[in-house]
Amino acid sequence: MSSLKYLRGLILLPAVALLAGCDWVTMNPSGDIAVQQRDLVIVSTILMLLIIIPVIALTLFFAWRYRESNKEADYRPDWDHSSQLELLIWAAPLLIIIALGAITWISTHTLDPYRELKRIDQKRGLAPNSTPLVVEVVALDWKWLFIYPEQGIAMVNELAAPVDRPIQFKITASTVMNSFFVPALAGQIYAMPGMETKLYAVINKPGEFEGFSANYSGAGFSQMKFKFHGLAASGFDAWVQKAKASGNSLDRAGYIKLEQPSEAVPVQRYASVAPDLYDAILNRCVESGKMCIRDMVAIDRSGGLGKPSAYNLASTPATPGGKPARTYVAAMCSINDPADAFASTASRPN
């Protein structure tokens, strides 16, 4: 018997070693939103354990107390009901469900990712004149593009923000759905092509934190990681200047090249970025002559263009080892001479 117990101990050792390598960042985050989410998990777990622990304990107690070999236990074959026991069995879970429901209702609104921050942390409120740092996030295959419109820079697979300054993330994707996730900062938010999701967050401690995609998106998904740096104000300014010193520029043509699928992409810095690039990515009209989603919506709202719009198609050629040929709706007019574009569509047969 002793040798069997010794063997069981040896079997458990690898499991203990594996647990020692776990990263507990979710339970020890560095951003206020992630801290509130952690507290919500802890409170919910404790409330559920108030039922689970007594049930397990009583199950073990009854199994031991009323075992066949215990001749001293009461034997009541005619017992079938207890009002006190029924009240306890139903009242306790009901109260816990009510408590969980109230917590869920409050936290759903308080931790809404679209809701602007009201505080820096549990002890500090938000200054009345503070403005969030805007970061435009684009999920590519298989890398992350971060655009800083205020600073006029862009980064690939690297993100930074000043400590204790609110951050507003505007998130979209180029092709398939992805998920933007920095566990130390806040919960995951989905990135979808043609749509914009938002996340307000703040980092309260300096450091280097892991960021990645939490939604499978193809062959290079496992390499879709980046570093998030929490920096002091002076450190963030130096980080911005480092990007500006790169001398690289990101325009629409450069973005189309960057958009091509690639894996394990190193950090890339851009000293300048086209001011309308993110808007074009969001509206699916980076390519020259392609109609933007917002323009399609505006046309639809005004009643559409009827049959002529069916002929207004263009296509992009396939690239070797890259994207296949695609057909898309071309712009219905040009800024220089809109009358010519409409005349060309009107001349087509109805």
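What share of the contacts in the protein chain with a separation of 6 or more comes from residues 24 or more positions apart? In this predicted model, such residues account for 65% of those contacts.

Let me place that figure in the overall picture. The protein chain contains eight helices and 15 strands. Of its 350 residues, 34% count as buried. The accessible surface of the chain is about 21,200 Å², and carbon and sulfur atoms contribute 63% of that area.

The largest nonpolar core comprises 41 residues, and Tyr148, Phe169, Phe180 and Phe228 have the most contacts inside it. Consider Tyr148 in particular. Once its neighbours within four places in sequence are set aside, Tyr148 is in contact with several residues, among them Leu133, Val134 and Val135, as well as Ile153, Met155, Phe236 and Trp239. There is also a second, separate core of 21 residues, which includes Leu145, Val265, Ala274 and Leu282.

Is Asp121 buried or exposed? Asp121 counts as buried because its relative accessibility is 17%, and the cut-off for that class is under 20%. The side chain of Asp121 reaches the backbone nitrogen of Lys123 at 3.0 Å. Beyond its neighbours within four places in sequence, Asp121 is in contact with Asp32 and Asn204.

Thank you for your attention.

Technical notes:
Residues are numbered from 1 along each chain as its sequence is written. This is a predicted model: local features need pLDDT of at least 70, side-chain atom pairs count only at pLDDT 80 or more; totals for chains, interfaces and linings use all residues. Side-chain values use heavy atoms; hydrogens and water are left out. A nonpolar core is a set of buried Ala, Val, Leu, Ile, Met, Phe, Trp, Tyr and Cys residues joined through side-chain atoms within 4.5 Å. Buried means under 20% relative accessible area, exposed over 50%, partly exposed in between (1.4 Å probe, protein chains only). Contact means heavy atoms within 4.5 Å. Helices (H or I, at least four residues) and strands (E, at least two) are DSSP runs, numbered from the N terminus. Accessible areas come from the Shrake-Rupley method with a 1.4 Å probe; for residues, only the protein chains shown count as cover. A polar contact is a pair of N or O atoms within 3.5 Å; within protein, one must be able to donate a hydrogen and the other to accept it, and residues adjacent in sequence count only if both atoms are side-chain atoms.
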